Amino acid sequence: MAETATAQRTVKFIITRRETPEAAPYTEEFEVPYRPNMNVISALMEIQRNPVKADGNKTAPVCWESNCLEEVCGACSMVINGKPRQACSALIDKLEQPIRLEPMSTFPVVRDLVINRERMFQALKKVKAWIPIDGTYDLGPGPRMAESKRQWAYELSKCMTCGVCLEACPNVNERNSFIGPAAISQVRLFNAHPTGEMNAHERLDELMEDGGIEGCGNSQNCVRSCPKGIPLTTSIAAINGDTTKRLFKKWLSM
């Protein structure tokens with residue numbers, strides 16, 4: 001009896017769609033056969049396999065992004081029931097129905113649930129979120145990092161550029177150029193690296209420009225929404241102190 005009841009259950013979805021970046025958004029409703037331990041991605045796969053709306057009419061398959069299915073790559077970010085999160089870790093049994101899926105509004109929509117994260121990647125380029133090394137020859141083992149520093153730096157390195165923190169932040173929108181919490185946290189990570197700290201002043205100078213750290217309104221939505229639990233507000237506070245010191249040093253050296 002229980003197996004029969006499970007087989008008859010369906011999961012209702014209301015998905016916000018858009019055919020092109022310029023097209024107006026619209027919603028379509030779908031009903032997917034329920035299976036135990038389903039997540040949102042498995043439901044989207046079912047819709048892709050059989051793109052039939054709840055009213056029985058066929059439609060184009062829904063477009064979305066995914067890769068690892070283990071909450072590591074960050075590709076499947078979307079707004080689920082009003083909350084930005086990863087679709088691969090969103091279990092159907094823990095979601096209120098109907099389940100509403102929308103693309104993240106902070107980024108330009110490419111199609112349906114697919115977004116363009118260029119804004120986030122450009123921010124990382126701006127702050128030089130990498131360790132510059134000469135890869136033309138063997139440099140030997142790198143400098144060692146103190147274990148106490150390595151432990152908190154490892155937490156910052158978990159960032160998967162999913163964009164959830166930018167979606168949750170009220171200061172990241174089309175009306176301003178705030179760089180966002182992810183890039184600021186990466187500045188703290190690479191400035192802490194024994195090699196990366198040689199370029200620390202360049203990263204801090206970028207954050208002292210318009211759209212830098214001054215754009216943070218301390219809403220703390222980022223740290224509450226981060227799927228990896230990265231201490232983003234701690235990084236923002238630390239970098240705020242570093243940029244203040246950098247400002248005084250530049251002023252005194254004039």
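1. A polar contact, as the term is used in this note, is a pair of N or O atoms within 3.5 Å, one able to donate a hydrogen and the other able to accept it. The model under discussion is predicted. Across the interface of domain 1 and domain 2, the rule finds five residue pairs in polar contact, with both residues at pLDDT 80 or more. The side of domain 1 that touches domain 2 draws at least two residues from each of strand 3 (77-80) and strand 4 (83-86). Strand 4 gives the largest share of that side, three residues. By residue class, the side of domain 1 that touches domain 2 has six nonpolar, five polar and two charged residues.

2. The domain assignment places domain 1 at 10-115 and domain 2 at 118-251. Their C-alpha centres are 31 Å apart. The contact involves 13 residues of domain 1 and twelve residues of domain 2.

3. The size of an interface is often given as the accessible area lost when the parts come together. Here the area buried between domain 1 and domain 2 is about 1100 Å², and carbon and sulfur atoms give 59% of that area. How many salt bridges are counted between domain 1 and domain 2? The count is zero.

4. Thr106 sits in the loop between strand 5 (99-102) and strand 6 (109-111). Is Thr106 buried or exposed? Its relative accessible area is 13%, and buried means under 20%, so Thr106 counts as buried. The side chain of Thr106 comes to 3.4 Å from the backbone oxygen of Leu166. Beyond its neighbours within four places in sequence, Thr106 is in contact with Arg119, Leu166, Glu167 and Val172.

5. Pro108 belongs to the loop between strand 5 and strand 6. Residues up to four places away in sequence aside, Pro108 touches Ile115 and Asn116. Pro108 and Glu118 are ten residues apart in sequence, and their C-alpha atoms are 8.8 Å apart in space.

6. The salt-bridge count by this rule comes to ten. One of them joins the side chains of Lys12 and Glu29, at 3.3 Å from N to O. Lys12 lies in strand 1 (residues 10-17) and Glu29 in strand 2 (residues 26-33), so this pair ties together parts that are 17 residues apart in sequence. Lys12 is partly exposed at 31% relative accessibility, and Glu29 is partly exposed with a relative accessible area of 35%.

7. Another salt bridge is formed by the side chains of Arg117 and Glu65, at 3.5 Å from N to O. Which parts does the pair of Arg117 and Glu65 tie together? Arg117 is in the loop between strand 7 (114-115) and helix 3 (118-126), whereas Glu65 is in the loop between helix 2 (40-49) and strand 3, so the pair ties together parts that are 52 residues apart in sequence. Arg117 counts as buried at 8% relative accessibility. Glu65, with a relative accessible area of 30%, is partly exposed.

8. The side chains of Arg150 and Glu147 also meet in a salt bridge, with N to O at 2.7 Å. These two residues are three residues apart in helix 4 (residues 147-156), which means that Arg150 and Glu147 are separated by about one helical turn. An α-helix has 3.6 residues a turn, so residues three or four places apart point the same way. Arg150 is partly exposed at 37% relative accessibility; Glu147 is partly exposed as well, with a relative accessible area of 42%.

9. Salt bridges also link Arg17, Glu28 and Asp112 in a network.

10. Helix 2 is mostly covered, with seven of its ten residues buried. Which residues of helix 2 are buried? They are Val40, Ile41, Ser42, Ala43, Leu44, Glu46 and Ile47. The cover over these buried residues includes strand 1, strand 2, strand 3 and strand 5.

Terms used: Residues are numbered from 1 along each chain as its sequence is written. This is a predicted model: local features need pLDDT of at least 70, side-chain atom pairs count only at pLDDT 80 or more; totals for chains, interfaces and linings use all residues. Side-chain values use heavy atoms; hydrogens and water are left out. Domain bounds come from an automatic or database domain assignment. Contact means heavy atoms within 4.5 Å. Buried area is the accessible area (1.4 Å probe) that two parts lose on being put together, summed over both. A salt bridge is a side-chain nitrogen of Lys or Arg within 4 Å of a carboxyl oxygen of Asp or Glu. Helices (H or I, at least four residues) and strands (E, at least two) are DSSP runs, numbered from the N terminus. Ala, Val, Leu, Ile, Met, Phe, Trp, Tyr, Cys and Pro count as nonpolar, Asp, Glu, Lys and Arg as charged, and the others, Gly among them, as polar. Buried means under 20% relative accessible area, exposed over 50%, partly exposed in between (1.4 Å probe, protein chains only).
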